[in-house]
Amino acid sequence: MALMAAVLSLAVSACGGSGGGGGGGGGQAEGGSKSPKRLIKREPANAGKKLTVGSKNFPEQFVLGEIYSQSLEAAGFDVKKQLNLGSEVIAFKALKNGDIDAYPEYTGTVLTTLYKTPAQDVPKEPEPAFRETEQKVREDKIKALPRTPFENTYRLGATKETAQRLAAKTTSQLAPKAKDLTITGYPECRQRLDCYVGLQKAYGSKFKDFVASEQTYEVIDQKEADIGFLFTTDANLATGKYQTFEDDKKFFPPYNVSLLMREEAVKRVGSGAQDVVEQVQKPLTNEVMIELNSRVVLDKQKPEDVARDYLRAEGFVK
Amino acid sequence: MAQGGGDVSTPIASLFLDAIRFIFVPQESVTGGVQVGGIGEMSVLTANHMLLSAAAIAIACVIALPLGLWLGHIGKGEFVAVSVSNVGRAVPTLALIAFFISFVGIGFRNVLLALILLAIPPLLTNTYVGVRGVSPDAVDAARGMGMSETQIVRKVELPLATRSIFGGLQLSAVSVIATAILGPLASVDTLGTPIVSVNVYGQAGLLGAAFLVAALAILVYVLLTALQRAATPAGLKAAGPSLRDRLRRISSPSRPRSTEAT
């Protein structure tokens, strides 16, 4: 909570002038100004326009799904939520079938998992990766809305004690010590080119052992493993107990979020929806996302409430 | 190899054949870069799966059978026996495994412990109920003949409770074999690995592993039925269960039986 307040106050103090008035769907506020112009206006033109928003099956996706749904509702759209659909394969299939109109997807996931781009061919910077995502989904009549500031990508991480003991700040510095270290990740990671298999190749490291689990942080805390595959917006990172290692060889692709929406739905609801989406996701930096995730995972709050608090705190809804 | 994103609906028949093929032929993983499947890997996974299941069931038997026999013999502890069963079946093994990571760590011991806790309830309840269902006349007669309490349990109650005990064993075994697919979540590679890592092994791998788990469960069930026939005393076999009795037992094995042999 304190972290969130700090981040928000930073955003406010950094704001320049506020933007112009509302276009279809909502006010276009600049930067972090929490003036009334930030408030999403309920546009009569949006009434009766239906939109089904989906999401994948983990906390960050629930929060994002709620943020987008609630803000589009505030703008007057008739929003139906279909959160917790499943993995990216299931969600994408639902999108292509028209069972949902939109869901938040990661640029890295679109390229590697959905369009089978080999990991080494994926652009290493967020903007080029997003442009490539746009191109690829256009082939399937889907529009990739502008990307979020935050990215939820992989990094190797460890407790601060372990990191100090190993005297390593980057993954390259970790590599020569790997043969004495145990690494942990989710079960699939061990056999994936975009995870353990590719990492070993890229950094020339050979870890002593790979331990699989769905609870990376517990495993690291219990010292069953020294290093873990972490995600850059993991809730546990809010505790300050862990340190991530820099991906200096840029092995891991960018994973910014882009709300994928069917082109047919974009035509149906008009550009106002995109304006709202762009507006509410602008404050979503890595720090803010970690804070929101920690409220769901560690504080056990409901994603719906966390999203509402975020939208209120940022001045998007009352 | 760029292709349109997402999955194309595959006809059921070809999915079935792909699954069988996956069991015998190694192939490249869906995400690329590693070989998965084939008889080599599937044998190792099956062996691990059987080892884990057998260990859990064996240890559960060592705990539950003597306890069930004793409680059934003295006629006390019905509440405990039945409650343990109900609570035990309600606790999700997945949650247990996650919980144990903080106490037992990760690996074989973790999953074994969770599976033992899963296996005990049906064994305990069925053993208890089986012994309680033994005709009191038979027990009285044995006592009258001068048998000690231990002899009564061993020579009268245990044989007469055989069917119920095996019913519990079958329930336990099938539960454990099915739930051992959670192994990979605590770093134990079993037939659950292609199921948990479906993005790597593909739908064919998932289905292939699922077939093997089902086959294993059926095999063990049939084996236990044969074993039960072998273990049932000749006198009881002569009377034999009716088909209706057998079906009733399969659907609700914990229901007490009034008399065994007539």
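Visitor: How many residues does the contact take from chain A, and how many from chain B?
Guide: This is a predicted model. Both chains contribute to the contact. The counts are 25 residues from chain A and 27 residues from chain B.

Visitor: Which element gives the largest share of the side of chain A that touches chain B?
Guide: Three elements of chain A each give two or more residues to that side: α3 (88-97), β7 (209-212) and α9 (216-221). The largest share is four residues. The element that gives them is α3(A).

Visitor: What is the make-up, by class, of the side of chain A that touches chain B?
Guide: Five residues on that side are polar. The rest of the side divides into ten nonpolar and ten charged.

Visitor: Why do the buried residues of α13(A) line one face of the helix?
Guide: Helix α13 of chain A spans residues 303-313, and A:P303, A:V306, A:A307 and A:Y310 are buried there. Seen down the helix axis, these buried residues line one face because they fall within an arc of 100 degrees.

Visitor: Which residues are exposed on the other side of α13(A)?
Guide: The buried residues of α13(A) have cover that includes α2 (59-74) and α12 (286-297) of chain A. On the other side, the exposed residues are A:D305 and A:R312.

Visitor: Which residue takes a positive phi just after α13(A)?
Guide: The phi there is about 80 degrees. The residue is A:G315.

Visitor: Is the crossing of α2(B) and α5(B) left-handed or right-handed?
Guide: In chain B, the axes of α2 (residues 38-74) and α5 (residues 108-132) come within 7 Å and cross at roughly 35 degrees. The residues of this contact divide into 23 nonpolar, five polar and one charged. The crossing is right-handed.

Methods
Residues numbered from 1 in each chain as written. Chains lettered and ligands numbered in written order. Predicted model: local features only at pLDDT ≥ 70, side-chain atom pairs only at ≥ 80, totals over all residues. Buried ≥ 20, exposed ≤ 12 C-beta atoms within 10 Å, placed from the backbone. Arc of directions from axis to C-beta. Contact = placed C-beta atoms within 7 Å. Nonpolar A, V, L, I, M, F, W, Y, C, P; charged D, E, K, R; others polar. Axes fitted to C-alpha atoms, helices over the stretch in contact; angles between N-to-C directions. Left-handed = near helix turned anticlockwise from the far one by under 90°.
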